[in-house]
Each structure stands twice: as structure tokens, then as C-alpha cells.
Amino acid sequence: MNETYVHGYHPRENERLQDQAGTLVDLLHSDTAYPSGSIVLEAGCGVGAQTLTLAQRSPDARFTSVDVSADSVAEARRRADWAGLTNVEFRQADLFALPFNAESFDHVFVCFVLEHLSRPVEALVILSRLLSPGGTITVIEGDHGSTYFHPDSAAAQAAIQCQVKLQREAGGNALIG
Ligand SMILES: C[S@@+](CC[C@H](N)C(=O)[O-])C[C@H]1O[C@@H](n2cnc3c(N)ncnc32)[C@H](O)[C@@H]1O
């Protein structure tokens, strides 16, 4: 992670992540529900855009949501407090050095994170070790290069290709989905 991070840490980007999560909520989460008592890790929670939906839809599960950005975690915590959530604990942590024992979680949730990593497979291996036997991992990633515009627009296509290029230069892969 560095200053070239495409989906950056600026207020406008935070707002975009919230808009994105709101727009996609039915598509991504229509059948998302973790059983009562489940222990769930959300890796790369950002400003909590998915966290609120997850925790509200599974009020009897307990979530630990982590992000490498302390500022994003602080914002996520503020939003969760504002929403009155009591089943989420936030922690600042790098998913390549997580402070959890093996088999600590029943489920892992990852959304729009692997696309930013230079070692996404290693990240998945690390996360899978944190699962208890029979646990599940949910990964949601985009394929920004397959974006469809109607009516088509050369300028919009060019803008998307800029994103793909910038993300690649930053070590990620915008086509990972
Ligand atoms: C595009 S945001 C997605 C946030 C959230 N999952 C969502 O869907 O709105 C990607 C997030 O991954 C986080 N991230 C990137 N590399 C990370 C790492 N090594 N460990 C933990 N979080 C990381 C970033 O800080 C950022 O908040």
C-alpha cells in the first residue's frame, strides 16, 4: 500500500466506497446471513461500508473487522457506533501479519481487497489458515475491465483503462475478479 493506491484514503473515495456498497447491497448480500454465534473475520474492511450490512444482517454473529489503514478503521468504528452496532470489533492490522491464532474464525469475508494486493494468493492462504474446520471464506472481487457502458463512450472506456493501468502499476490487478 502506498500513495498511488487507486481506491485511496481520501474523503471523496470513502464516500464512493459507501455509495458502491449501498448500490450493490442487494446484489452482494441478498443471501448473506451468518449463523447465530458465528465468529466472522472481515479482512480489509475499509471505512466499514460492507461491515454495516454484514453486522446488521447477522446480529447474533460476532465480527472482527480489520484494515491496514488506521484512519479507515477509525472511520469504520465511528460509523458502526453511529449505527448502534454492538457485534463488531475493529482492529488495525495488516492481513499479512494478523494477530490471530489458526482456526480462530468460523467464516472469513473479503470484498474488493485482493485486487489491490501484489500477493493475493498468499493472502488467501493466510486467511484460510484462520478458519476452523468446515469454515467458509467469501471473496468478492471486481473485474473492472469488463465494465459495460450504454451508450458506449470512448472517454469512459479510456477512464476505466486508466484505472486498470494505475492499479497494475501499484502492484494490484483490477481484473482479478
Ligand atoms: C477498495 S477498499 C474495500 C473496503 C471494503 N472491503 C469495501 O468493500 O468497501 C480496499 C481496502 O483493503 C485494505 N487493504 C489493502 N491492503 C491491505 C492489507 N495488507 N491488510 C489489510 N487491509 C488492506 C485497504 O486499506 C482498503 O481499506
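Predicted model: local features only at pLDDT ≥ 70, side-chain atom pairs only at ≥ 80, totals over all residues.
Strand 2 covers residues 62-67 and runs parallel to strand 3, joined to it by 5 bridges. Strands are DSSP runs of E with at least two residues, numbered from the N terminus. Two strands count as paired if DSSP finds at least two bridges between them.

The 5 strands form an open sheet in the order 3-2-1-4-5, with parallel pairing. Strand 3 (88-92) and strand 5 (131-140) stand at the edges. Each has a single partner strand, so one side of each is left without a neighbour in the sheet. From one strand to the next, the twist averages 20 degrees (axes are lines fitted to C-alpha atoms; angles run from 0 to 180 degrees between N-to-C directions).

## The whole chain

The chain has 5 helices and 5 strands; helices are DSSP runs of H or I with at least four residues. Along the sequence the pattern is α-β-α-β-α-β-β-α-β-α.

Of the 177 residues, 45% count as buried, meaning under 20% relative accessible area with a 1.4 Å probe, protein chains only. Among contacts with a separation of 6 or more, 72% come from residues 24 or more positions apart. Contact means heavy atoms within 4.5 Å. The C-alpha trace spans about 50 × 30 × 30 Å along its principal axes.

## Basis

Residues are numbered from 1 along each chain as its sequence is written, and side-chain values use heavy atoms, without hydrogens and water. Local features need pLDDT of at least 70 and side-chain atom pairs count only at pLDDT 80 or more, while totals for chains, interfaces and linings use all residues.

Terms used:
Buried < 20%, exposed > 50% of the residue type's maximum accessible area, 1.4 Å probe, protein only.
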